[in-house]
Amino acid sequence: MGISDELVERLRAAEHVAVLTGAGVSAESGVPTFRDAQTGLWANYDPAELATPQAFLRNPRLVWDWYAYRRQTVEAAQPNEAHYALVDLEQHYSDFTLITQNIDSLHWRAGSRDLLELHGNISRVRCFECATYAPGWDEEGELPPRCARCGGLLRPDVVWFGEGLPDQALRLAYEAAQRSQVFLSVGTSAIVQPAASLPLIARRSGAYLIEINVEETSLSVFADCWLQDQAGTVLPELVRRVIRDIQSREEGA
Ligand code: OAD
């Protein structure tokens with residue numbers, strides 16, 4: 001399905017908009033997704049060995065090094081057209097909530113500010129024991145580095161399998177989904193809970209649900225509109241049409 005007039009009109013007329021993004025929104029920046037068959041991280045690495053508290057306790061150095069490698073990848077990446085399109089879209093709403101499962105800071109670096117990071121951020125580290133954030137650390141010294149406060153091991157500030165999501169971000173995300181009139185799900189397989197429930201909560205609360213994904217997902221059948229295309233192509237086009245529509249109405253008013 002392409003970008004219909006109805007889709008543009010729904011977005012133009014909405015006052016409350018929420019967006020959920022996943023790894024697909026950063027794929028065109030060169031950041032690997034998780035579940036794509038050949039290139040996805042979980043096709044090549046075992047999450048049980050790298051992304052659980054048990055894995056960290058078993059082999060902290062291995063886990064630290066894997067995240068250090070991924071940190072380098074995201075620091076070298078640049079935001080793409082999809083990230084920038086969401087910044088442009090945000091300007092036109094007083095209530096616009098961007099919710100991301102990504103830990104790569106690319107939304108921040110594109111200029112998005114009201115951002116809820118459900119799975120943390122790879123650029124921050126905190127103590128495994130006392131949860132104190134570390135302002136910086138030395139990659140040349142003992143790895144993982146130690147917490148200055150309690151001496152515990154530092155870990156990336158990301159959500160691992162078996163861990164809870166940050167309470168406040170999750171609560172705000174639920175609330176935004178519930179009050180949204182249009183909800184966009186962009187570049188996520190919509191498999192990992194609780195993030196995957198947000199589009200469905202929005203739909204049940206009456207939102208018009210738009211999915212942007214190159215492949216069909218379990219969400220596609222529930223979406224009012226599934227745009228089967230790359231986020232970096234279709235999102236800027238959609239946003240351009242919505243903004244053109246808003247501006248032409250303002251000029252006509
Ligand atoms: P996935 O790898 O599960 O899904 C990425 C989705 O993006 C797939 O449905 C692809 O079809 C789609 N995709 C790929 N390239 C795209 C493009 N250029 N434009 C649009 N869509 C594209 O990633 P997530 O759904 O983000 O959690 O995964 C959710 C969570 O699972 C991650 O946050 C991570 C992982 O385990 C944690 O680490 C806690």
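These legends describe close-up views of a predicted model. Residues are numbered from 1 along each chain as its sequence is written.

View 1. The protein divides into domain 1 (1-31 + 79-119 + 165-253) and domain 2 (33-76 + 122-158); the bounds come from an automatic or database domain assignment. Their centres, taken over C-alpha atoms, are 28 Å apart. Domain 1 brings 15 residues to the contact and domain 2 brings 13 residues (contact: heavy atoms within 4.5 Å).

**View 2. The second largest pocket.** This pocket holds about 150 Å³ of space. Its lining draws at least three residues from each of domain 1 and domain 2. Strand S4 (120-127) gives the most, with three residues. Strand S6 (154-158) supplies at least two. Among the lining residues are Glu117, Arg124, Arg126, Tyr133, Asp157 and Glu163. By class, the lining has five nonpolar, two polar and five charged residues.

View 3. Gln101 sits in the loop between strand S2 (95-100) and helix H8 (106-110). Its relative accessibility is 12%, so Gln101 counts as buried (under 20% relative accessible area; exposed is over 50%, partly exposed in between; 1.4 Å probe, protein chains only). The side chains of Gln101 and Thr188 form a polar contact of 3.0 Å. Leaving aside neighbours within four places in sequence, Gln101 also touches residues including Leu20, His119 and Val192.

View 4. Most residues other than glycine have a negative phi. Ser105 has a phi near 65 degrees. Ala131 has a phi of about 70 degrees. Ala131 lies in the loop between S4 and S5 and is partly exposed, with a relative accessible area of 39%.

**View 5. Two cis peptide bonds.** Most peptide bonds are trans. The bond joining Leu143 and Pro144 is cis, with omega about -10 degrees. Pro144 is in the loop between strand S5 (133-134) and S6. The bond from Gln193 to Pro194 is also cis, with omega near 5 degrees. Pro194 is in the loop between strand S7 (182-186) and helix H10 (197-204).

How values were computed: Predicted model: local features only at pLDDT ≥ 70, side-chain atom pairs only at ≥ 80, totals over all residues. Heavy atoms only, no water. Helix = DSSP H or I, 4+ residues; strand = E, 2+ residues; numbered from the N terminus. Polar contact = N/O pair within 3.5 Å; in protein donor to acceptor, adjacent residues only side chain to side chain. 1 Å grid on protein atoms, 1.4 Å probe; cavity = no way out; pocket = protein on both sides within 12 Å on 5 of 7 lines; lining within 4 Å. Points joined across faces, edges and corners; volume = space filled by probe spheres on them. Nonpolar A, V, L, I, M, F, W, Y, C, P; charged D, E, K, R; others polar.
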